Structure formats: structure tokens, C-alpha cells
Amino acid sequence: MPSRRAARRPRYAARMLLRRRHELPPTAGLPLRLADLRPGAPTLADDIAALLGTPPLQLTCSGTAALLLTLATLRELAPRRRRVVVPAYTCPLVAIAVRQAGLELQLCDLRPGHYDMDPSALRAACDERTLAIVPTHLAGRVADVDDALAVARQVGAYVIEDAAQALGARRADGTSVGLAGDAGFFSLAAGKGLSIYEGGLLAARDPALRERLARAAAGVPQRPDWEWRRRLELLGYAALYRPWGLRLAYGAPLRRALRRGDEIAAVGDDFPPTIPLHRVGRWRQAVGSHAVPRLPAFLAQLSAQAQRRLPRLRQIGGIDVLDDPAGACGTWPFFLLLLPDRRRRDAALAQLWPAGYGASRLFIHALPDYPYLADVVPAADVPHARDLAARSLSLGNSPWLTDADFETICGVLGNG
């Protein structure tokens, strides 16, 4: 007889839907062009800083590397403080970075049905041992950094904005996310708004802290083996980040993982235990620089498409679409939806996830529930984070998603 766990596992078979001939991505990234691959000046960090209107940015080999360098730098500034407070529902790489920096992870539960940390839980989690609080601009949405700042100032901690999924998002005052806190970081990973396959950007408001972070980044070694690997991966990304190529590069591995019941692998939450550190080479910087001028129009296209489709999603009974606070302007790489319960979420995913429509899950679990993180993440009672993991699904907002595709998805979501 099947185990209870297997009995609860959704069967990912697109029975009601015909599988799309071409694959839609779960997140909308800016496609690269052949002309982007030509050599050029390695000015990517400066180009994006000028685009966003930020102080100088520091280029790193990944968004997580930017977080790791920031944590190590802040640890030097406040050696008696060891705890880093993070949302209990966030990328597992955040937990791995905290451990690699030699610090202690402190989880904070979320607001009910929301991506922000719960204000009461945040205050309870912070004290004189707290080094940093990490509010997260999840799914391109603009997080409540002001509350984290207020708590941090009370206990003498720093605030690091996790804007990995929110390059180009702006707060209500029009400034870029990543600058309200003491430091912030963005990701240039595959499928993000702008990608060099793997890369990150590190921001800091204070010139003295910015200089310390720049020195830390300058101390990262050159690793030709890693850089050649990233060059090849970037070439593959440039060639295959198209509906026809994604079927091979993304869809086929996804469906294999779903068939064997490995949801963590299906969503890409299975990360190695250490974060590599190396410098980004000139050619990959040039590729990103060539693509930067197209980014504003691309983000505007995604935003316009999202605003046109949000009313239709909100018409579906029981569906809650996570959005920005009043006045803020996030990015829309995908929609993050909350369904009424896990049963209905799983029923929708069983049809949509393997069918090539760009539906997926953001993270499979709240941080304490990943088996491979058992020695990294402390046990914690975080019911709201677990509820978000149990009821949420993501829906890609790619320009390749046609109105007919979107209406098919809405039909599945409405069949509760």
C-alpha cells in the first residue's frame, strides 16, 4: 500500500489540459539577443546604478554572494552580535549564507496571508544579540522595510534588504528598493529581470559601509574554472531562454522531478551547502551591459500586462493575489497567488505545473521544513509561513503568455 505521504502527494498529470507545444517560464526574464554577446566594456554595475538612480553598486558572482559578503562585513563591525533575523518563508540560500558567514539564524513568522514579517514576531525576535534583519521583497513585491528599520534602530542592528527578486522595483517615494536599509542586494540569476546567468549587485547608502563592502568584494578570488562554467551557462541561457528552448532546458527536468515526487528539485530549492565566491569576468559584464538599455521597457511591459490581468485573477473566488503597498511600484516577474486551502492549490498545480503554462511554486517549504537544512535552520513554530507555503502558487508573467493561455489558467484556478 502507498505511504500516507505518497497518498497526500498531488499527482502531477495534466489530464484536463493539453500540454503546450512550447514551454512558458515560471518567471519573466529579459531574453538576450545575439548582439548582447559581443565584447564590450565591463561597466555593468555602473550601468545599472545609473538606470536605478542608486549610489555605486558592487558586482558579485551571485545575489547570495552579495548577502554573504555583507554579513561578513557587518560581523566585523559588530563582533558581539551573532543573530540574523530572516522571514521564515524565503529562499533556502539565505539560511545557507547565514551559516557560511558563521552567524546564527533567527526565524521570524509572517503576517497572516502576507509576505512581510509579522511586526509582533519581529520585535520578539530581536534583541541586543541581533546583528541584522533581512526584510525580503518577495516575488518583486515591495516589502515593509520601515518597520524593520524601526526595530533595528531600537536594538542597534543593521537592515539588509533582500531585493533579489525585485530589480527595478520602487518604494512609494520613487526610490529604488535596496536603499532604505543599511545595505541591499539584487540578483542577476537566470530568469531574473536581467541575467548574466549568475550574478548579483550590492548596494549601501552610507559611503563608509559602501567602501568596506567594496574592499570585501575586491578580496574575492578569481576562479577561472567557475567563470568558464558561467560563460557556458550564459551561452546556453541566451540560446534556450525561448519557449521552444525552455521545453528542453526547463520543462523536461521539471516533469522528471514531478514524476518521481521530488517537488524540491522541481522548483529548484535543492542548493549545495556552500556558496561559491569568485569574480565576474569582463565578457559576462559586457553581455549584461548590452542588455541594460532594454530593461526599463521590458519591466514596463510586464507591469502593464500584470495590471491588465490582475482584475481577472481577482474575479476568481477565493484567490488572493499578493500586491504592493499603496504608492509602491514593484516588478512583476510572476504573480504570487494564495488559494483558499492546500487541497485547491494542489488540484490546480496537478494540472498546470507539468503542462508548460509557467505555473509553479515559489518555495516548497517554510525554512524549518526542508530536510536537507536540518542542521542549518533551527526548529520554530511559524504557522503563517507554513500556511503561505501550503496555499501559494506562482504564475509566470512572461510576454509569451498569450491571452488564451491566461484564460485557460484562470479556468483551472476557478474549478475549485
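Buried means under 20% relative accessible area, exposed means over 50%, and partly exposed is in between, with a 1.4 Å probe and protein chains only. Keep that scale in mind for this tour of a predicted model, in which local features need pLDDT of at least 70, side-chain atom pairs count only at pLDDT 80 or more, and totals for chains, interfaces and linings use all residues. Residues are numbered from 1 along each chain as its sequence is written, and side-chain values use heavy atoms, with hydrogens and water left out.

**Stop 1: K192**

Select K192 to begin. An unreviewed UniProt entry places the feature "active site" here; UniProt positions are given in the numbering used here, feature names are shortened, and such annotations may be inferred rather than shown by experiment. With 21% relative accessibility, K192 counts as partly exposed. Look for K192 in the loop between strand 6 (183-187) and strand 7 (200-204). Strands (E, at least two residues) and helices (H or I, at least four) are DSSP runs, numbered from the N terminus.

Now show what surrounds K192. Beyond its neighbours within four places in sequence, K192 is in contact (heavy atoms within 4.5 Å) with A28, G29, L30, A164, Q165 and S187.

**Stop 2: helix 4**

Next, colour residues 92-100, which form helix 4. Of its 9 residues, 7 are buried, so helix 4 is largely enclosed by the rest of the structure. The buried ones to pick out are P92, L93, V94, A95, I96, A97 and V98. To see what covers them, display helix 3 (63-77), strand 2 (83-87), strand 3 (104-108) and strand 5 (158-162), which are among the covering elements. After helix 4, click on G102, where phi is positive, near 75°.

**Stop 3: S360**

Move on to S360 in strand 10 (residues 359-360). Is S360 buried or exposed? S360 is buried, with a relative accessible area of 4%. Its side chain makes a polar contact of 3.5 Å with the side chain of W353. A polar contact is a pair of N or O atoms within 3.5 Å; within protein, one must be able to donate a hydrogen and the other to accept it, and residues adjacent in sequence count only if both atoms are side-chain atoms. Setting aside neighbours within four places in sequence, the residues in contact with S360 are P26, Y250, V267, L349, W353, L393 and S394.

**Stop 4: salt bridges**

How many salt bridges are there? The count comes to 27, taking a salt bridge as a side-chain nitrogen of Lys or Arg within 4 Å of a carboxyl oxygen of Asp or Glu. Here are some to visit.

- Select R361 and E263, whose side chains meet in a salt bridge (3.6 Å, N to O). This pair links distant parts of the chain, 98 residues apart: R361 is in the loop between strand 10 and helix 14 (383-391), and E263 is in helix 10 (residues 263-267). R361 is buried at 4% relative accessible area, and E263 counts as buried at 16%.
- Select R284 and E227, a salt bridge with its closest N and O atoms 2.9 Å apart. R284 lies in helix 11 (residues 282-291) and E227 in helix 8 (residues 224-240), so the pair ties together parts that are 57 residues apart in sequence. Both R284 and E227 are buried.
- Select D225 and R223, joined by a salt bridge of 3.1 Å, N to O. D225 is partly exposed at 48%, and R223 is partly exposed at 32%.
- Finish with E23, R247 and R255, which salt bridges link into a network.
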